[in-house]
Amino acid sequence: MFSHILPVIKEYMGVGIVSVLFLLSLFYLAVTEKERAKRVCFVYVPVLVLIFFLCPVSYVIYGKISESVTYYRLLWLIPVTPVIAYSAVRICTRFSGLKQNICILAFAGLFALSGRLMYSDFYMIEAPNMYHMPVQVVDICDALHAEGREIMVLMPYEFQQFVRQYDPNICMPYGREYMMNIIVQTDELRDEMMEGGRDPEIVGHLATERGCHYIVVSQFEDFAETPWNYEEFMNIDGYKVYRIIEAGPNMWALQD
Amino acid sequence: MIKGIVILIMLELLAPVLFGLVFALSDKNVTGRKHLLISSFVNGQILLYALFQPITVFSVFKKKRLTYNTKVFIIAACVVLLVLIVILAARYLKRLKTVLTNPLEKVSFWGVAAVLVFVFMMIMSFFMMYTDGDDAYYVTTAAEAVASDTLYAKDPYTGTGTVSSLRYMSAPYPIWIAFLAYVSGLHVTAVAHSFFPWTIILLSFSVLFLMARSLFEGDTKKRGIFLFFSSILILFGDYSIYSPENFLLARARQGKAALAAFMLPYIVCLLICIAKELEKTGKITLRNLILITFAGFAASLCSTIGGALCLALVGLTALCFAFVYKNIKYPLLMILMNLPAEAFVLLYLVKR
């Protein structure tokens with residue numbers, strides 16, 4: 001069971017410096033903190049949580065209640081930031097005047113070096129709009145939006161997680177579950193688009209069957225020829241939009 | 001747009017302050033205006049979350065509409081507010097006047113530095129975006145609720161009419177976002193990504209402020225340093241994608257971020273206050289016991305596991321209290337007061 005728990009700790013710790021700082025703070029408080037209330041909340045409880053976390057029974061129980069992959073959330077019960085900050089304050093305030101200020105700045109520098117600036121994260125980028133969505137998603141969704149109706153659109157892989165956040169009236173034959181590998185059933189259309197040869201004949205037939213009013217593809221990943229039963233509708237932000245010519249069964253027809 | 005933003009500010013700032021005023025005034029340690037404002041803001045938000053949770057879970061399982069849920073919640077909130085106003089008028093009006101007339105406390109240099117770091121993080125939450133795949137579930141659920149006036153009726157990933165996982169339905173935090181967007185009239189996606197995260201950052205800072213008050217009574221300078229260190233640790237908290245700091249600054253619109261960065265630190269803060277109370281008087285006030293219940297409900301709104309994590313934290317702390325303070329009655333009461341929130345965990349376990 002430890003083979004399951006230890007990787008969780010490793011991933012949660014990241015580089016590990018913050019965890020080392022936390023353990024040092026815990027030790028420092030265990031030795032020096034006299035007030036019982038603070039000892040309970042900042043020493044005893046975190047230690048108990050750690051023991052609880054490392055206990056295989058907890059892992060099993062947690063797995064029954066939730067998913068084992070979120071077991072790291074048990075570590076959220078430990079107030080890591082307050083414990084480190086509190087210990088650092090106690091150390092700094094042993095000095096006074098200039099020495100104290102130098103000590104504060106040194107700790108602040110240590111904390112900055114121990115982690116990583118959130119805004120330097122690879123996935124953190126400047127927001128192009130207040131929806132925090134790629135501009136292309138907003139433009140394409142606005143262009144295809146049908147007031148008061150739901151439309152089915154085959155969207156490119158890179159848009160799948162954004163489209164329905166912005167416009168839930170746009171449905172998709174397959175969505176982000178593909179990216180998460182939650183594939184519970186075979187999906188010929190998805191497989192043809194994502195892993196197959198993107199044959200325009202096959203894609204056209206399958207997309208019509210699935211009721212797709214539009215097919216959107218990047219111009220770099222365009223079909224060899226126009227998909228069956230679809231016509232070129234527009235080019236927008238580097239993406240080509242194909243529109244269905246003749247609506248399939250159980251599908252409402254688009255109007256110009 | 002401006003009207004929507006004003007409504008949103010009223011819902012996210014003014015409403016919590018109004019709802020939390022009685023809870024703040026019932027805390028004898030609250031003596032200054034700043035402390036009163038922040039304590040009201042935090043406790044009011046907890047109360048609103050706690051009220052929203054059972055109403056919304058009922059609506060979700062009964063397949064009600066978002067408009068129905070919103071109306072019921074607003075009516076319930078108005079009734080609660082009325083009761084709170086009566087309590088305020090009957091018991092705390094004099095104290096409110098006293099607190100409001102007290103001179104403003106000094107602010108330390110490091111306290112100002114901490115505020116500046118938090119303001120920076122709040123501004124950045126508007127201008128920076130973090131791409132997280134889970135938004136495809138959470139934000140879409142909120143967007144779908146507003147667009148189709150349903151609650152968890154469709155699969156968020158595709159929009160096809162399949163029932164959502166029960167795991168998510170018993171922790172309807174996306175519906176809170178939907179509620180804010182519906183009432184303000186702003187686009188749900190804009191609310192979730194741009195106009196909501198700053199609230200959670202502000203709540204997180206407010207909880208740290210209250211914690212600092214409990215840890216360093218009467219020492220403004222130490223409180224300021226504590227807040228400054230905390231702000232730096234949060235700003236540079238991207239050491240792991242699982243850290244509460246990462247959730248706060250990258251994924252604040254998701255319930256689990258509110259749980260990690262606001263709810264659980266709030267419970268720790270509450271437990272510190274209770275520990276001090278037990279040490280001084282050997283008792284726990286009814287106010288704090290009620291807040292434990294509310295915290296459990298609010299944590300359940302944020303995440304299915306929220307209620308269970310809350311119980312684990314309260315339970316482990318109660319165990320320590322029993323040994324350290326040689327007191328069984330009040331630690332047991334703490335656990336008992338937290339049990340109603342476990343109904344949502346049980347509901348999920350039974351129904352799944």
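User: What makes strand E1 of chain A and strand E1 of chain B a pair?

Analyst: This is a predicted model. In it, 3 bridges join E1 (residues 124-126) of chain A to E1 (residues 128-130) of chain B. Pairing requires at least two bridges, so the two strands qualify as a pair. They run antiparallel, and Glu126(A) stands opposite Met128(B).

User: How do you know that strand E2 and strand E3 of chain A pair, and in which sense?

Analyst: E2 (residues 151-154) of chain A and E3(A) share 2 bridges.

User: Why do strand E3 and strand E5 of chain A stand at the edges?

Analyst: The open sheet of 5 strands in chain A has the order E3-E2-E4-E6-E5, with mixed pairing. E3 (170-171) and E5 (230-236) of chain A each have a single partner strand, so one side of each lacks a neighbour in the sheet. Helix H7 (residues 135-144) of chain A packs on this sheet, touching E2, E3, E4, E5 and E6 of chain A. The direction of H7(A) makes about 135° with that of E5(A).

User: How many residues of chain B are in contact with chain A, and what makes a residue pair count as a contact?

Analyst: The C-beta atoms, placed from the backbone, must lie within 7 Å. By that cut-off, 70 residues of chain B are in contact with 70 residues of chain A. Helix H10 (residues 220-235) of chain B gives the most to the chain B side, with 10 residues. That side divides into 47 nonpolar, 17 polar and 6 charged residues.

Conventions. Residues are numbered from 1 along each chain as its sequence is written. Chains are lettered from A and ligands numbered from 1 in the order in which they are written. This is a predicted model: local features need pLDDT of at least 70, side-chain atom pairs count only at pLDDT 80 or more; totals for chains, interfaces and linings use all residues. Helices (H or I, at least four residues) and strands (E, at least two) are DSSP runs, numbered from the N terminus. Two residues are in contact if their C-beta atoms, placed from the backbone, lie within 7 Å. Axes are lines fitted to C-alpha atoms, for helices over the stretch in contact, and angles run from 0 to 180 degrees between N-to-C directions. Ala, Val, Leu, Ile, Met, Phe, Trp, Tyr, Cys and Pro count as nonpolar, Asp, Glu, Lys and Arg as charged, and the others, Gly among them, as polar.
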